[in-house]
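Let us look at a structure together.

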Amino acid sequence: MRITSLVRALGLAAVVTAGGCKSLDIVNPNAPDAERALSDPATVEAVAGGSARVWFNTYEGLTSVGPLVTQAQTYSASWNNFNMNFYSGVDNPGTQASPTPVSTWNRNTRSWQNDPSAAGRTSVEFFWDGYYKALTLANLTLRAIRVNGLEINTPADTRRAEAMALLMQGAALSGIAMNFDKGYIITETTDLSTVAYSDRKAVRDAALASLDDAIAVANANTFTTPSGWSNGNSYTNVQISKIANTMAAYLLANWGRDSTETAAAAWPAILAYTTAGLSAAPAFDYVFIGDGNNWYPEILAWFNAMDTGRVSTRVAAMLDPGSQVHPFPVGGNAQPNSVDKRLGDGSFGTAAMVAGFGNVPATVNKGTDFAWSSQAIFNNARGFYHQSNIAHIRYDLTGQQAPSGAYGGLGPAPVFSAAQNDLLRAEALIRTGGSLTTVATLINNTRVTRGNLAPAVAGDGIVGLTAKLDYESEVELLGLGSASYYFRRRRNGLLPGTPHEMPVPAKELGVFEQALYTWGGASPANSPTPP
């Protein structure tokens with residue numbers, strides 16, 4: 001069986017590059033002494049931390065994330081950087097003066113361009129390559145510890161490397177399961193000569209098993225991770241367990257390609273995972289620290305910048321239906337006056353910024369998450385519907401669009417949040433017949449505390465609470481990787497013709513001389529539900 005590309009992805013040369021570990025004295029760099037490398041505790045510990053960096057850069061990387069979140073009409077950009085313009089384009093929008101009804105829009109010519117000669121192929125390749133590189137590093141760590149019996153400094157240090165590797169093994173396999181119709185299930189004990197495709201459900205279950213293993217190791221041991229494993233933050237074993245629980249819930253809830261698969265998800269298990277997840281007291285967010293280079297939260301650098309990305313008018317109109325029209329009207333949308341304090345009056349920054357960003361300098365009614373700009377920054381010829389006057393500035397801690405903040409890919413970059421966990425737990429309670437009073441409390445953790453909106457109450461019933469839950473999800477998931485796309489996908493919120501999953505990349509298919517194929521556009525949105 002030819003596994004050329006797979007072996008290339010799993011080569012130790014990739015470990016040295018992706019893991020950032022110390023240089024190895026290798027005579028032949030194309031065939032390094034793997035066993036020698038895996039017998040060095042310092043190298044293996046660096047590889048464990050390196051798996052987190054590779055996963056983070058993949059999870060936040062715009063080559064794949066950009067098309068997904070713009071397809072979801074949560075963020076918007078007409079630039080074709082990262083193939084966003086093509087994949088988020090609408091085939092039949094009409095004109096700005098006379099738009100067709102939004103309910104008739106489609107993307108029937110916007111399938112994944114899964115061909116070696118197509119520029120858009122990179123959006124399919126990026127997740128595949130990145131997640132398998134992260135999986136490689138995790139597996140090498142686990143092989144050294146679990147197969148070869150390596151001890152790293154102390155038993156506690158060994159267990160923390162093991163727990164991190166299991167967390168990243170589960171996270172990487174989750175990325176394949178949530179995005180591709182099939183993939184390889186590879187662990188530290190896999191015989192590469194027998195590797196074959198597994199369907200997306202089997203990959204999901206393998207990811208869940210790894211996350212469960214991470215939870216068990218974290219719960220059974222006491223340790224604190226080095227701050228270098230997130231470029232700035234350390235996490236205890238208790239926190240690693242909570243992170244893995246939230247990841248497991250996120251996988252099960254968001255794996256579904258449509259509302260039917262989502263309804264069939266293991267919601268009692270999701271409830272159990274979220275109960276033990278990030279929002280279990282004391283709550284915290286799983287945060288990496290961007291440095292604009294080796295640790296690069298690309299989605300925040302792009303979409304927390306007022307001059308490159310915007311919030312879709314679909315979301316803007318939810319935040320303030322009185323001032324924000326969807327789709328973008330002739331003359332643009334006026335300055336808001338939202339009752340949601342995350343938008344408020346849309347003011348932001350200083351008078352010195354106005355020329356460059358079109359902002360209204362901050363007032364006492366400024367929003368915490370969103371800002372209004374008078375500038376329509378996109379080229380109308382590329383689709384008027386991309387335009388929006390609302391920018392997402394939640395993670396710009398400088399408050400001035402300074403390069404020293406999220407605008408430059410620097411500073412705190414959350415990948416999973418306590419609020420995200422709360423909202424998933426609320427949904428699980430609704431779907432399993434749980435307490436509506438608790439559901440309302442969970443929704444209000446952001447709805448009232450952050451939005452200053454009228455509180456949800458049990459008397460709203462399932463319909464009313466679900467509507468408030470959906471609103472909070474649309475606001476709170478922005479900037480957390482591709483979370484807003486998965487949410488829209490499982491709610492049947494994507495436009496017709498939008499792909500609901502990715503094919504195995506063309507370059508991988510070519511190794512096996514398999515036929516090229518794709519999803520979306522004129523093809524089905526996704527593969528059938530595996531049995």
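Predicted model: local features only at pLDDT ≥ 70, side-chain atom pairs only at ≥ 80, totals over all residues.

Student: Is S484 buried or exposed?
Tutor: S484 is found in helix α19, residues 483-490. Helices are DSSP runs of H or I with at least four residues, strands are runs of E with at least two, and both are numbered from the N terminus. Buried means under 20% relative accessible area, exposed over 50%, and partly exposed in between, with a 1.4 Å probe and protein chains only. S484 has a relative accessible area of 5%, so S484 is buried.

Student: Which residues does S484 contact, leaving aside neighbours within four places in sequence?
Tutor: Contact means heavy atoms within 4.5 Å. With those neighbours left aside, the partners of S484 are V69, A72, T74 and L477.

Student: How is α10 oriented relative to α19?
Tutor: Axes are lines fitted to C-alpha atoms, for helices over the stretch in contact, and angles run from 0 to 180 degrees between N-to-C directions. The axes of α10 (residues 237-254) and α19 come within 10 Å and cross at roughly 40 degrees. Under 35 degrees counts as roughly parallel, over 145 as roughly antiparallel, 65 to 115 as roughly perpendicular and the rest as oblique. Therefore α10 is oblique to α19.

Student: Which residues of α10 meet α19?
Tutor: On the α19 side, the residues are A483, Y486, F487, R489 and R490. On the α10 side, they are Y250, A253 and N254.

Student: How is the aromatic pair of F126 and F127 arranged?
Tutor: Rings of Phe, Tyr and Trp (its six-membered ring) pair if their centres lie within 6.5 Å; planes under 30 degrees apart count as stacked, over 60 as edge-to-face and the rest as tilted. A search of the whole structure finds 30 aromatic pairs. F126 and F127 are 6.4 Å apart, centre to centre, with 40 degrees between the planes. Their pair is tilted.

Student: Which of these two residues is buried, and which is partly exposed?
Tutor: F126 has a relative accessible area of 26%, so F126 is partly exposed. F127 has 0%, so F127 is buried.

Student: Where does the charged end of R204 sit?
Tutor: A charge sits over a ring if NZ of Lys or CZ of Arg is within 6 Å of the ring centre and within 35 degrees of the ring normal. The charged end of R204 is 4.5 Å from a ring centre. That ring belongs to W255.

Student: How far apart are the C-alpha atoms of T274 and N421?
Tutor: T274 is found in helix α12, residues 267-275. T274 is buried, because its relative accessible area is 1%. N421 is 147 residues away along the chain, yet the C-alpha separation is 5.9 Å.

Student: Which residue does a cis peptide bond join to H326?
Tutor: Omega of this bond is about 5 degrees.

Methods: Residues numbered from 1 in each chain as written. Heavy atoms only, no water.
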